[in-house]
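Here is a short tour for a first look at this structure. Please have the sequence and the 3D view ready.

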Amino acid sequence: MTAGLYARLARMNIKNNRRIYLPYILTCADMIAMFYIVCFLASDREVGRIPGGSTLQTILGFGVGVVAVFAAIFLFYTNSFVMKRRKKELGLYNVLGMGKRHIARVMLWETGFVAAVSLASGLTAGILLSKFSQLVMLKLVDKTASFTFTVSGFAVAVTAALFAGVFFLILLNSLRQVRFSSPVELLRSGNAGEREPKANYLLAALGILLLGAGYYLALTVVNPIEALAWFFVAVILVILGTYLCFISGSVALLKLLRRNKRYYYRTSHFVSVSGMFYRMKRNGAGLASICILSTMVLVMISSTTCLYLGADDALRVNFPRNISVSTDTDTPEPPAPVGAAVQKELDKAGLSAENLLAFRYLSFSARQDGDSLTPGGGEGGRYCRVYVVPAEDCASVSGKALILQEGEAAVFTKGTEVGDRLNIGGISYRVGEKLDAFAGEAAEAMSVADSVYVFVPGLDDMKALYDMQKRVYGKKASDYNHYYAFDVSAGRDVQIALSQAIRGDLKEASASSRVEGAAESWGDFIGIYGGLLFLGLMLGLTFILAAGLIMYYKQVTEGYEDNARFDILKKVGMTGREIRATINSQVLTVFALPLAAAAVHMAFAFPMVAKLLKVFGLTNTPLFLDVTAATILVFAALYVAAYLATSRAYLAIVSGASDRAYA
Amino acid sequence: MAILEVENLKKIYSTRFGGQKVQALAKVSFEVEQGEFVAIMGESGSGKTTLLNLLAAFDRPTSGEVRLNGRALSSVPERDIASFRRDNLGFVFQDFNLLDTFSLQDNIFLPLVLAGKGYPEMRERMLPIVRQLGIEGILEKYPYEVSGGQKQRAAVARALITDPQLVLADEPTGALDSRAADELMRLFCEINRGGQTVLMVTHSTRAASRASRVLFIKDGEVFHQIYRGNADDAELYQKIAGALTLMATGGDKR
């Protein structure tokens, strides 16, 4: 035999099995294109140059890893479908006298063809679409791109190397399957005897338990930091629970249905329950995967979209005023240069400070145990942050006088509570008024620790607390912080110039002030959030395609299997109409299940994700609710479209059975 | 009274693009009386399977008519054909056609479930049949767990449970070893003695020798037929073998 023959055989095989191969090649090409694009953007110089570009590329770099791992796993998975259908044919070659080595050569050619075609088309598509994605991404982060078209040799090389590796592993895996099976096994693999699925009630119960635990966690988490820590635990619980419920739970449920003779022996239930029984056993894992992928898409797209849309809000939480100057000193007296420098630059620019927020505070860590707040208090009590503010500054911030007696303090707490007395490292106060709000809190809005704001009568009290924490913490003790922040009505460029000028002036006056401008951080912010959104969309798209493809293969595989069954049903007197009704209800139930489960997962994940978003400074829960609802709707529409498209393939195979009898 | 009347049945298949026409049945006429056990024999390609498909209304004849209990199959509307088949005919196939997704009991119940019968009634109808067929002990098993002979007996039970006018069997012993085949034929005879009309298509002389009448088909026509009369199985076997030899060596149609 000559090499040309193997190549020809391989090409013919792919052509004859195009119903199986075409989607596989498309998936490969799609994964390759997706990977190239992410890789290209992560290494593109033009993206790197924009403000916030490096943050963006860090996020994309992370995305490169995710796409690579996902693509590898997913291609393996799809290839297993292809192999399952091909085994019979390979067995036939074996029986017809082709040795395993010859089969291996045919398969080498086949994999080679698939790899070549999908790499060529995937890279071409990737390169063509890379400019478009670059434009989209830069648009998302509010930048404009140049009109130069570049091909990244680096990205091409990485993509080609990665996928060549993946294809090589796939080939090895297929060869292993051929190597270790006899021709008879290969021939029969298409209709291997079915085992009655065992309903493992224990596993089913465990699945429900895990799912419940995950849901419980998601619902009961109170604060954002906890949410961050428990989120992954909840995710893993829910993933495991989903797999167990789909694999064992569904079989157990159907088994119970089958025990109920009155329910089971009805025309409408009989065939579908028994059909689903086997279908769920084999498809449980696949359906659970579709469900998990769908949930991931929903969480990812809704949260990243929400972050992106709420970027302005988040920026405002991080920077409560357009420009802030905070100065650390060892005296409670206001440092002279700050006010002067700000006023000078404002006058120069012809602007005025609005929403001025200026106050002094002293902050240190402590451990709270009831009414006592002990700095450096060892292991006892709960960690909290103490903020000491003089009464006069509180009054100037809130515009309302705060009258305190000697030895009396007002408090404002966040995440914790205090009683009628307060003992701060040995200094006692009687707690007078408890405030509901304190505008100055915005200066520390990003702190997620429990906080106690203590408003003391005079500067002497503040001094006493200052000395006390100085004694406890020594070199690590805090200084007085003079916070001076304001808004200006001017564009971002003017704001940036203004904060730079103020920074320069203060440096000259050698004040140890930090000047922060919201406008200066805008680039980073939108870089992160835009990047996350872009990545969310890319991964979302990949996952949707993956879910669609799993669906397609399920339908095709089942089509071939159900074909014979419906043929028999026809012969024993089931009408074409009954068969079609059964098919529809069965297939619909099976495919509606993951979508419904994903929506339920999303509903339970909602409170937790909402809390996570708070860590990113996004507190607009109604916005998140709207975005989530919209995401679910759009996703459901795509899902139904994918279902309709793939069920056509199924019907095309099965309807052969309903028509054949009258050929 | 004739339960089945077949009159001038003709079937011509055309290839997919209508070019070639193949005549599967030329002109077949015969009758089956109530309580008869008729075997139809013929070589591969003689039109046996086509005939069976026409009798079962799986297919429509080009011309001619099939009447079951006096009712012409062509007068049954297309949408009622499935329930007509379910109510009047029982099928036994060479490859059993049992569903792997059902236990044997559920396979047997299948036609009754489709007819909308309740569980107690189905159970009541099934018990005497499975007892007669000797499979009452394996009802909870699945088709892939039992032997070919047991599968075929379950298939026979499925054919009988609707109490059909006529049981049509297509090479029922084709996939069985000789012992299972003999046992199955014994059961067919027993069922037939109970009054059930059976029409069986077969290749096997041994299987056909258990019938009360044997029809021979050649080139799409009924070529010859043998009545058992008073002959025992061995004598009938000899007659059938002789007729087959005659057919194979090209004897003229009588």
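Is B:Asp219 buried, partly exposed or exposed? B:Asp219 is partly exposed, because 16 other C-beta atoms lie within 10 Å. The sections below take up the model, its two-chain contact and several local features.

## The model and its confidence

This is a predicted model. The predictor gives the complex an ipTM of 0.78 and a pTM of 0.72. Chain A has an average pLDDT of 83, and 94% of its residues score at least 70. In chain B the mean pLDDT is 87, with 96% of the residues at 70 or more.

One stretch of chain A calls for care. Over residues 657–663 of chain A, pLDDT stays under 50. The model has 13 contacts beyond four places in sequence for this stretch. Where pLDDT is low, predicted coordinates should not be read in detail.

## Where the chains meet

Chain B puts 25 residues in contact with 21 residues of chain A. Three helices of chain B each supply at least two residues to this side: H2 (81–88), H3 (104–114) and H4 (119–133). The largest share comes from H3(B), with 6 residues. By class, the side of chain B that touches chain A has 14 nonpolar, 4 polar and 7 charged residues.

H2(B) also has buried residues. They are B:Ile81, B:Ala82, B:Arg85, B:Arg86 and B:Asn88. What covers them includes E4, strand E6 (89–92) and H3 of chain B.

Return to B:Asp219. The residue sits in the loop between strand E9 (213–218) and strand E10 (221–227) of chain B. Most residues other than glycine have a negative phi.

B:Asn69 also has a positive phi, near 55°, and is not a glycine. This residue is found in the loop between strand E4 (63–68) and strand E5 (71–72) of chain B. B:Asn69 counts as partly exposed because 13 other C-beta atoms lie within 10 Å.

## Helix packing in chain A

At what angle do helix H2 and helix H5 of chain A pack? The angle between H2 (residues 18–43) and H5 (residues 100–140) is about 40°, and their axes are 7 Å apart. H2(A) is therefore oblique to H5(A). The crossing of the two helices is right-handed. Residues of the contact of H2(A) with H5(A) divide into 17 nonpolar, 7 polar and 1 charged.

Elsewhere in chain A, A:Ala603 lies in helix H18 (residues 576–615). A:Ala603 has 14 C-beta neighbours inside 10 Å, so this residue counts as partly exposed. A:Ala603 and A:Arg49 are 554 residues apart along the chain, and their C-alpha atoms are separated by 40 Å.

## Helix packing in chain B

H4(B) meets helix H5 (residues 148–160) of chain B. Their axes come within 10 Å and cross at roughly 145°. This crossing is right-handed. From H4(B), the contact uses B:Met126, B:Ile129, B:Val130 and B:Leu133. From H5(B), it uses B:Arg153, B:Val156, B:Ala157 and B:Leu160. The residues of this contact divide into 7 nonpolar, no polar and 1 charged.

H5 of chain B also holds B:Gln150. Why does B:Gln150 count as buried? B:Gln150 is buried because 20 other C-beta atoms lie within 10 Å, and 20 or more is the cut-off for a buried residue. Leaving aside neighbours within four places in sequence, B:Gln150 is in contact with B:Ile135 and B:Ile138. The C-alpha atoms of B:Gln150 and B:His224 are separated by 34 Å, and the two residues are 74 residues apart along the chain.

## A buried leucine

B:Leu184 has its place in helix H6 (residues 178–193) of chain B. With 24 C-beta neighbours inside 10 Å, B:Leu184 counts as buried.

Which residues does B:Leu184 touch, not counting residues up to four places away in sequence? They are B:Gly149, B:Gln152, B:Arg153, B:Pro172, B:Thr173 and B:Leu176. One of these, B:Gly149, is 35 residues from B:Leu184 along the chain, and the C-alpha atoms of the two are separated by 7.3 Å. B:Arg153, also on that list, takes part in the contact of H4(B) with H5(B) as well.

Notes: Residues are numbered from 1 along each chain as its sequence is written. Chains are lettered from A and ligands numbered from 1 in the order in which they are written. This is a predicted model: local features need pLDDT of at least 70, side-chain atom pairs count only at pLDDT 80 or more; totals for chains, interfaces and linings use all residues. Two residues are in contact if their C-beta atoms, placed from the backbone, lie within 7 Å. Helices (H or I, at least four residues) and strands (E, at least two) are DSSP runs, numbered from the N terminus. Ala, Val, Leu, Ile, Met, Phe, Trp, Tyr, Cys and Pro count as nonpolar, Asp, Glu, Lys and Arg as charged, and the others, Gly among them, as polar. A residue is buried if 20 or more other C-beta atoms lie within 10 Å of its own, exposed if 12 or fewer, and partly exposed in between; C-beta atoms are placed from the backbone. pLDDT is the predictor's confidence in each residue, from 0 to 100. Axes are lines fitted to C-alpha atoms, for helices over the stretch in contact, and angles run from 0 to 180 degrees between N-to-C directions. Angles under 35 degrees count as roughly parallel, over 145 as roughly antiparallel, 65 to 115 as roughly perpendicular and the rest as oblique. A crossing is left-handed if the near helix is turned anticlockwise from the far one by less than a right angle, and right-handed if clockwise.
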